[in-house]
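Open the model in your viewer and follow the stops below in order. Each one says what to select and what is there.

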Amino acid sequence: MLRAMNLQALIFDVDGTLADTERDGHRVAFNAAFAEAGLAWHWDVALYGELLAVTGGKERMRFYAERHDPAFLARADADETIKTLHAIKTRHYVALLEGGGIPLRPGVARLIDEARAAGLRLAIATTTTPENVTTLLKASLAPEAANWFEVIGAGDIVPKKKPAPDIYHWVLARLGLPAEACLVLEDSANGLRSARGAGLPTLITTGIYTAGENFAGALAVLPDLSGTGLADIRLMHGIKNS
Ligand code: XBP
Ligand code: MG
């Protein structure tokens, strides 16, 4: 059956979707922050994959401490320390991005160019810190690229992060569009749950950490966007799968 509403906006997740930021970006920055703060925590590649079950850097540190360092959470200043660690982590992460450390995934820049040329509206919905988003766009897409996105929903702007649908509801309200007029690009089961929870048609490009996850309810599941352009995306959007 054909979807009644034309495609009017693309909404992008950031981590894992625009770029493979987790293993060689966020993880490295977390470890640099732990070392700088003199904390004996170290997140290797496999452990970090487990910790990705929880979105949001502050929430992820708390989740780790609950399992591996409960004494840390018993301290009266635990919340403050997590905030401080997160600020240090963001500084390291932004520096890494500014050094051109994380390229965009294949096909992402081309799709954004095509969408802009076609007059589609662009938005972002992510759990990561706003500064991380604008720095990635600037360093890896174009100096003015943050201005191409009409709405950027990021970080603590909503209290409940993905897989809750709140960030997508927030972005949709600001776009002033019904969910059916948009298409979301996500890389994870948490992201898919969040987008589908807001009724949004969602295309998945799997990443290094998310390839084995359950993507039931997605329009399609692709390894990346290298062979997929706006015409393909319009087709996917036009076909109702529910
Ligand atoms: C991304 C995340 C983020 C980053 C860390 O999830 O979980 O928390 O790992 O960013 P999604 P901060 O792609 O589903 O939005 O440390 O800035 O929170
Ligand atoms: Mg993601």
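Select W43: this residue is buried, with a relative accessible area of 0% (buried means under 20% relative accessible area, exposed over 50%, partly exposed in between, with a 1.4 Å probe and protein chains only). The model is predicted: local features need pLDDT of at least 70, side-chain atom pairs count only at pLDDT 80 or more, and totals for chains, interfaces and linings use all residues. Residues are numbered from 1 along each chain as its sequence is written, and side-chain values use heavy atoms, leaving out hydrogens and water.

Rings of Phe, Tyr and Trp (its six-membered ring) pair if their centres lie within 6.5 Å; planes under 30 degrees apart count as stacked, over 60 as edge-to-face and the rest as tilted. By this rule there are eleven aromatic pairs. The centres of W43 and Y64 are 5.4 Å apart with planes at 55°, so this pair is tilted. W43 sits in the loop between α1 and α2 (45–51), and Y64, 21 residues away, in helix α3 (helices are DSSP runs of H or I, at least four residues, numbered from the N terminus).

Next, select α5, residues 78–98. Its buried residues pack against α1 (22–36), α3 (57–68), α4 (70–74) and α7 (130–140) (contact means heavy atoms within 4.5 Å). Among them are K89 and Y93. Just after α5, G100 has a positive phi of about 75°.

Notes:
Chains are lettered from A and ligands numbered from 1 in the order in which they are written. Helices (H or I, at least four residues) and strands (E, at least two) are DSSP runs, numbered from the N terminus. The expected span of a helix is 1.5 Å times one less than its number of residues.
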